[in-house]
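Student: I have a structure open and would like to go through it with you. Can we start with how the chains sit together?

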2 protein chains.
Amino acid sequence: MSREATMSEPQRRPGVVRSVAELRDLVSAWRRGGDRIGLIPTMGALHEGHLSLIRRAQQSCHRSVATIFVNPLQFDRPGDLAAYPRDEALDLERLAEVGADLLFAPTPEEMYPPNFSTGVMVAGLTEGLCGEHRPGHFGGVATVVTKLLLQALPDEAFFGEKDFQQLRVIQRMARDLNIPSEIIGVETVREADGLALSSRNRHLSQSQRAAAPTLYAVMREMARRMTDEGESAGKAEAWGRRHLSEAGFEKIEYLELRDEEKLQPLDAPVQNSRLFAAAWLGAVRLIDNLKVA
Amino acid sequence: MSREATMSEPQRRPGVVRSVAELRDLVSAWRRGGDRIGLIPTMGALHEGHLSLIRRAQQSCHRSVATIFVNPLQFDRPGDLAAYPRDEALDLERLAEVGADLLFAPTPEEMYPPNFSTGVMVAGLTEGLCGEHRPGHFGGVATVVTKLLLQALPDEAFFGEKDFQQLRVIQRMARDLNIPSEIIGVETVREADGLALSSRNRHLSQSQRAAAPTLYAVMREMARRMTDEGESAGKAEAWGRRHLSEAGFEKIEYLELRDEEKLQPLDAPVQNSRLFAAAWLGAVRLIDNLKVA
């Protein structure tokens, strides 16, 4: 649906703006022209998963606006923030490949001016899974995503299902606060061996990279055991934890069946249930999830 | 600036909508027609103070949208919520008198659907003054005002300076979250004897009503002592507390000089400083404030 000729000019770089005022000027002009606007918030280090969000945005929106902002508020470990990969030039090339219309890459000062003191919190949904292991993380996510949505006021915003809990938190927040944008989840993109794409995968050593696809393989087998053999969630989880440990995963934060709406634990698959996993290979934390029913 | 002929049809009642969808339809149509939209959030029980907000909105906006919603989230005492006056028919008459264009009066279910779980918090500004004495109050205010602003997306929203701390909290929140509306404070409206208008004044007995203007009179005298006689804030406050007690005020929650931006306590008047007061007459809590310099 993009009005730019992306096939004929595949390498044309998107415009880059760094201030909210410039972003709003551009988006308002597009909107006045009747364009639907799609927003794709990211922290950069763009991979095929991010690009799939932009392609999905182009299906239902005339304009796709990617944002890159490594949000300090959502990092629970300072070392993780410092180590987070940043390469805007490379990111811009990837955005050009898919024909994104605009990159909004604000400075930390533009996002958090002096005396910034407001937070958005979502109760309930943020308490289990990653919320339990990353204190403050979802508050930081909810706050920055609220800001990005209100800065751009897109018709639709796109988030990967890889961070499924984050997707649900953002959907709940947008509904609760009456943010006038539709929040759309997009299926996880995987390597050929099943590993979910993630900016953190580049930190895996060769042997860790070889072990990493086991996370997805274990979830698939757990799903099979529960649906085909009627195994309980508890038994499948015990099997999965054992198997992950044997494959070299050192700390399994969670490996659980939950419902997709309220993210409450389940004893057995029901409609709209999903497996959720977070586990460490050395210093790298991997997360993934799989729809079971 | 109102495009309705308010002089020729002074008693024409504004339209009433109860759902966000209807509100957005109307406001969007007005905006497409080039109108600037002004929002005046209230909890009803409208008095001359509220009407002054609507008149102010009419100066800079083509359309004035009043909201009435008695927000359960911001009441720290359940009895206060139950006792809060509600008379929509009377409120509508007053809105008709000033020529408001629309009343948005949602149900609690429309504002807080099942599994509502998002909160907006402002740190720092909410910690002293009323924030200290009304736990949770400003979180409830910030959450409902964020919702109302995002439901209507007005160009400007108007709040009384009588709730000065609330005004500052809302301005900070709107800036921090990039809510695309300007937040405008409007001067407090007073009775001839100086008492600030408030929905709660109707709960005062005759003798309490006679004592109530002392709150404003004491603040004026404190301001005079500090600016004309160079008295310290501490000495002026001690005098003021004594005087209020003698006049029958039973509990003085605060009576303090603070700066108008960060609401931090001051020892002496500086530019943009203001006196803040909260005190009880029987079961009625009165608040007021006065610009000193």
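Student: Which residue of chain A comes closest to the rotation axis?

Tutor: V120(A) does, with its C-alpha at 2.3 Å from the axis. Before going on, note that this is a predicted model, where local features need pLDDT of at least 70, side-chain atom pairs count only at pLDDT 80 or more, and totals for chains, interfaces and linings use all residues. Residues are numbered from 1 along each chain as its sequence is written, while chains are lettered from A and ligands numbered from 1 in the order in which they are written.

Student: What rotation superposes chain A on chain B?

Tutor: A rotation of 180° with 0.0 Å of shift along its axis, giving an RMSD of 0.0 Å. That is the relation of a two-fold axis. The superposition is by least squares on the C-alpha atoms of residues with pLDDT of at least 70 in both copies.

Student: And how many residues of chain A are in contact with chain B?

Tutor: 23 residues of chain A are in contact with 23 residues of chain B. In contact means that the C-beta atoms, placed from the backbone, lie within 7 Å. The same surface serves both copies, as 100% of the contact residues of chain A recur in chain B.

Student: Which element gives the largest share of that side of chain A?

Tutor: Strand 5 of chain A, with 5 residues. Strand 5 (118-122), helix 7 (137-152) and helix 8 (164-176) of chain A each supply at least two residues. Helices (H or I, at least four residues) and strands (E, at least two) are DSSP runs, numbered from the N terminus.

Student: How do strand 5 of chain A and strand 5 of chain B run, parallel or antiparallel?

Tutor: They run antiparallel, joined by 5 bridges. Strands count as paired if DSSP finds at least two bridges between them. V120(A) stands opposite V120(B) there.

Student: New topic. Which residues are buried in helix 11 of chain B?

Tutor: A233(B), A236(B), E237(B), G240(B) and L244(B). Buried means 20 or more other C-beta atoms within 10 Å of the residue's own, exposed means 12 or fewer, and partly exposed is in between, with C-beta atoms placed from the backbone.

Student: Is strand 6 of chain B largely enclosed or open?

Tutor: Largely enclosed by the rest of the structure, because 4 of the 5 residues of strand 6 (residues 156-160) of chain B are buried.

Student: Which strand of chain B is joined to strand 6 by 5 bridges?

Tutor: Strand 7 (residues 182-186) of chain B, and the two run parallel. In strand 7 of chain B, I183(B) is the bridge partner of A157(B). Strand 2 (residues 37-42) of chain B also pairs with strand 6 of chain B in the parallel sense, over 2 bridges.

Notes. Two residues are in contact if their C-beta atoms, placed from the backbone, lie within 7 Å.
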